[in-house]
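Work through the following exercises with the sequence and the model side by side, and try each task before reading its solution.

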Amino acid sequence: MLGRIYGTEYTGSSSQKNISAITFAGTVLGQLIFGYTSDKWSRSNSLLLSTVILIVFAALGAGSYGAGGSIQGMFAALTAYRFLVGIGIGGEYPAGSVACSEASGELKSGTRNRWFILFTNVMIDWGFVIGAFVPYLLVVICSEQHLRAAWRISLGLGVVPPLILLWLRIKLQEPEEFKKYVLLSKQ
């Protein structure tokens with residue numbers, strides 16, 4: 001959409017490559033940071049922090065603005081916010097997968113793998129499908145004349161799933177296996 005709206009200002013600059021690829025770099029950094037914090041600090045607090053990062057920087061990305069209305073400034077802001085969203089996404093992998101694995105260990109034998117796969121891999125797959133379908137639907141709704149609204153709404157809707165998770169994660173308790181690990185490491 002950005003190429004269609006801003007033309008060569010977007011496609012002729014490094015912003016096109018940066019905006020599309022920078023989230024991956026943030027994801028890798030987030031995995032490293034939150035992999036460490038989820039082991040040393042807390043699974044639930046690491047998940048809570050990554051969720052807050054997702055909410056804040058997804059919202060800021062949707063409202064990206066360049067100083068004085070500068071288009072290149074807006075691209076720079078969007079790039080920075082997408083990098084920081086990537087850190088939040090990266091936090092979901094190590095903290096969320098390990099917490100889910102430990103929590104599923106408390107379930108009845110024979111059903112653990114089903115629930116682990118449902119709450120990790122299936123959710124990621126559905127996220128990719130929804131993440132591709134929603135912008136398409138918004139372009140159809142907003143029409144070609146309102147692509148600026150469509151791309152901002154697309155990014156802004158990225159705040160909704162983490163907001164739902166925030167409520168759940170505030171109530172999240174540490175898995176028993178992690179509590180045992182903490183007790184053993186303190187001895």
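## Exercises with worked solutions

**Exercise 1. Decide whether R4 is buried, partly exposed or exposed, and find its salt-bridge partner.**

Step 1. R4 counts as exposed because its relative accessibility is 62%, where buried means under 20% relative accessible area, exposed over 50%, and partly exposed in between, with a 1.4 Å probe and protein chains only.

Step 2. Before going on, note that this is a predicted model, in which local features need pLDDT of at least 70 and side-chain atom pairs count only at pLDDT 80 or more, while totals for chains, interfaces and linings use all residues. Residues are numbered from 1 along each chain as its sequence is written, and side-chain values use heavy atoms, with hydrogens and water left out.

Step 3. The partner of R4 is E144, and the closest N and O atoms of this salt bridge are 2.9 Å apart; the term stands for a side-chain nitrogen of Lys or Arg within 4 Å of a carboxyl oxygen of Asp or Glu.

Step 4. The pair links distant parts of the chain, 140 residues apart, since R4 belongs to helix 1 (residues 2-6) and E144 to the loop between helix 6 (112-142) and helix 7 (147-156). Helices (H or I, at least four residues) and strands (E, at least two) are DSSP runs, numbered from the N terminus.

Step 5. E144, with 43% relative accessibility, counts as partly exposed.

**Exercise 2. How many salt bridges does a search of the whole structure find, and how exposed are R43 and R169?**

Step 1. The search of the whole structure finds three salt bridges.

Step 2. One of them joins R43 to D39, with the closest N and O atoms 2.9 Å apart. R43 counts as buried at 5% relative accessibility, whereas D39 counts as partly exposed at 36%.

Step 3. Another joins R169 to E92, with the closest N and O atoms 2.8 Å apart. R169 lies in helix 8 (residues 160-170) and E92 in helix 5 (residues 71-104), so this pair ties together parts that are 77 residues apart in sequence.

Step 4. R169 is buried, its relative accessible area being 13%, and E92 is buried as well, with a relative accessible area of 18%.

**Exercise 3. Locate the nonpolar patch on the surface, and say which helix gives the largest share of it.**

Step 1. The patch is formed by I153, L157, V160, I164, L165, W167 and L168, which together have about 630 Å² of accessible area. Patches are made of residues with over 30% relative accessible area and no salt bridge, like charges being joined within 9 Å and nonpolar side chains (Val, Leu, Ile, Met, Phe, Trp, Tyr) within 5 Å; accessible areas come from the Shrake-Rupley method with a 1.4 Å probe, and for residues only the protein chains shown count as cover.

Step 2. Helix 8 gives the largest share of the nonpolar patch, namely five residues.

Step 3. L165 is found in helix 8, and L165 counts as partly exposed because its relative accessibility is 31%.

**Exercise 4. Which residues does G88 touch, not counting residues up to four places away in sequence?**

Step 1. G88 is found in helix 5, and it counts as buried at 0% relative accessibility.

Step 2. With those sequence neighbours set aside, G88 touches S50, I53 and L54, contact meaning heavy atoms within 4.5 Å.

Step 3. From G88 to I55 the C-alpha to C-alpha distance is 8.8 Å, although the two are 33 residues apart in sequence.

**Exercise 5. Is the phi of S143 positive or negative?**

Step 1. S143 lies in the loop between helix 6 and helix 7 and is partly exposed, with a relative accessible area of 24%.

Step 2. The phi of S143 is near 75°, a positive value in a residue other than glycine. Most residues other than glycine have a negative phi.

**Exercise 6. How many helices and strands does the chain have?**

Step 1. The chain has nine helices and zero strands.

Step 2. Along its principal axes the C-alpha trace spans about 60 × 30 × 25 Å, and buried residues make up 33% of the 187 residues.
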